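Dear colleague,

Please find the structure below, together with a short account of what was found in it.

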Amino acid sequence: AYAQNGHGKLALELFQQMQLKDMEPNRITFVSIINACASLAALAEAKESHATIVDTGFEYDIIVGTALVNAYGNCGRLDDARCVFDKICQQDVVLWNTLIAAYSQN
């Protein structure tokens, strides 16, 4: 809820607290955190979250991947956005639109 309502920094802080309590993040957690990173153009946090996503096996999830493409696009990292895009096997129109938007904004 915080990430969706313009409180990205607080969302990232809550995610850190969640990790300290050994709670396992899921797809929704990652999408929310990546969207918080995108809204803040927080590249370091996006890359850190991306590493956690890879470690937990959500790297190829289309919904998480779409959020990552968006975040990297917002941070001006088109190579990273394209790399995530290329790793997703079942690309849909939302993912394609997200990549197109990233390129059009940079």
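Which side chain meets Arg82 in a salt bridge? That of Asp86 does, at 2.9 Å from N to O; a salt bridge here is a side-chain nitrogen of Lys or Arg within 4 Å of a carboxyl oxygen of Asp or Glu. This is a predicted model, in which local features need pLDDT of at least 70 and side-chain atom pairs pLDDT 80 or more, while totals for chains, interfaces and linings use all residues. Residues are numbered from 1 along each chain as its sequence is written, and side-chain values use heavy atoms, leaving out hydrogens and water.

Arg82 and Asp86 are four residues apart in helix α5, and thus separated by about one helical turn; helices are DSSP runs of H or I, at least four residues long, numbered from the N terminus. By the rule above, there are five salt bridges. Another of them joins Asp61 and Arg27 (2.7 Å, N to O). This pair links distant parts of the chain, with Asp61 in the loop between α3 and α4 and Arg27 in helix α2, 34 residues apart. Asp61 counts as buried at 15% relative accessibility, whereas Arg27 is partly exposed at 34% (buried is under 20% relative accessible area, exposed over 50%, partly exposed in between; 1.4 Å probe, protein chains only).

Lys47 also forms a salt bridge with Asp80, the closest N and O atoms being 3.2 Å apart. Lys47 lies in helix α3 and Asp80 in helix α5, so the pair ties together parts 33 residues apart in sequence.

In α6, Leu95, Thr98, Leu99 and Ala102 are buried.

With kind regards

Conventions: Helix = DSSP H or I, 4+ residues; strand = E, 2+ residues; numbered from the N terminus.
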